[in-house]
Structures are given as structure tokens and as C-alpha cells.
Amino acid sequence: MTLPTSRARSLLVLVPLLGSIALASACTTAEDSPDSTPSSAAPTTVGAATNPSDPPSSSASAPATIPTSAFVELPTELRKSPRRTTPVEEALPKLCANEFGTGGRQVTASAAMTVTYKKAGDPETNVPQGMIHQTIFTFDGDGASAYMARLRTAVQACPSYDHFGSPGTVKSRALSGVGDEALLLTRTWASTSLNGEPTGGNSSSQIAVARVDTTVTVFNDQGWEGADGDPAMVDRVVRDGVGAIDAWQR
């Protein structure tokens, strides 16, 4: 059957139009589908997810990706074992309460890694000297500055705490020349033996927190099996760690 010329032209226009609509619909469905799974993950990134107890703010922008390169790495002579990913809730220190948590305020991502360190020149058969847990938070807007302000207030309200059954004290001071602002905390507690018996002395370790623009990083130093931490190691790690974050943000 021969169609009238005007009707034939209408159909010729309609067919490609329907095809365009179908193609556009298919692309919209495939793009940013909440149920879709990326075909591959970047091999140099740490799974960046907020602490389950600290959900991200509903007003936050799209979650950031925190690459492994943003975390500090020790030189071979000081590294007892390679850095490894750690749950944020296990990496963050706790004093009187959850002082170092974010409460989910303006957080776009968080991730943590742990590095185990040794003294330079120690034989491989020696036990490690300690571990440093590093947590990185990225924030929306002024969230990073607000976090630092809340942390200072919380630390001032916690001059003493319970350190696994032993009385502990906390002292803090500003750490100059590190990032946009930084805080250094020294916690001291009564020493105990491996059997838990008091030794009559004291042990101490440090926590360093630094802000680099909209990113905050927390370094939690723990001496091996309850021994003293290493202040010189913490000072090196926090400065190198801030440098790694600064390089990532450029």
C-alpha cells in the first residue's frame, strides 16, 4: 500500500526521534544508578566510608575518595610491617568519651590506616616499637575548622581519664608549623607489667591532630604492648603525613 506523501514524511521523522528517546533513556538509567557497581576500583585508594556511628551529613557534597597516597608511609629502616587499612572506629583514640568522632557533621569521607614501626637498626627478630593509627576525614564547607574547635573544647573538659583500669592524665598544646592548625596531646598513665601489675612508674604516648584546608588527620600512637610511645616518631609522622595530604590536595 502506498502512503500519502505527507504521512510518509511524518513517519520518517518519528522513527529516528523514537530511537533517540530510547537511547537517551538507556544512558540515563545506566549512569549513576544507585544499584550499579563500578566495573573496576582504583587500586591505589582506601575504601572511604564514614564511621557507621558517624553518618555523613545530609547536606554534604558527593563523598570524596581518599587515596592510599594521602596516608603517611615510613621509610624501610623504620617500618616493621607495611601499612594496612583499619576501621575508623578502631583507629581513633578515646579518652573520656568519643572526643575524636565527628558526629557525622559535614563529613564527606573517612578512612584509616595503621603503620607498625621499629627503631632504626633493630634486628628483624625484635618486636615492634609501636603502632600509629592514622585517620583522615574530609569535610564540607567549614566542617574541618568546626571539628578542631569542638575537639579543643572536648579535650579541655577531659584532664583525666581511665586508661584500661589505670588513672591517666591528658595535656594538650598547639603544634606550630604543621598544616593550617594542629594540636598535640600527651596522655600519661600508671605503668603496669605484662601481667597487669603496677610497676610504680608512668608510661605515655601522644596523639596529634592536624588540619589541612578541609581535611583533618588524626595520628594515634600506641607503644607495643602498653609500652611508651615515641614522641620523635610522632613528630616525624605528623609532619610527613601533612605533607602527603597537601600533595594529594594540589
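**View 1. Three aromatic pairs turn up in a search of the whole structure.** Rings of Phe, Tyr and Trp (its six-membered ring) pair up here if their centres lie within 6.5 Å; planes under 30 degrees apart are called stacked, over 60 edge-to-face, and the rest tilted. This is a predicted model, so local features need pLDDT of at least 70 and side-chain atom pairs count only at pLDDT 80 or more, while totals for chains, interfaces and linings use all residues. Residues are numbered from 1 along each chain as its sequence is written, and side-chain values use heavy atoms, with hydrogens and water left out.

**View 2. F137 and Y147 make a tilted pair.** Their ring centres sit 5.8 Å apart with the planes at 50°, hence the label. F137 belongs to strand β3 (residues 130-139) and Y147 to helix α3, so the pair links distant parts of the chain, ten residues apart (helices, H or I, of at least four residues and strands, E, of at least two are DSSP runs, numbered from the N terminus). Both F137 and Y147 are buried, meaning under 20% relative accessible area; exposed is over 50% and partly exposed in between (1.4 Å probe, protein chains only). Together with F139, the two form one aromatic cluster.

**View 3. C96 and C158 form a disulfide.** The sulfur atoms are 2.0 Å apart, against a cut-off of within 2.5 Å for a pair of cysteine sulfur atoms, and the count comes to one disulfide. The S-S torsion is about 85°, so this disulfide is right-handed. C96 is partly exposed at 44% relative accessible area, whereas C158 is buried at 1%.
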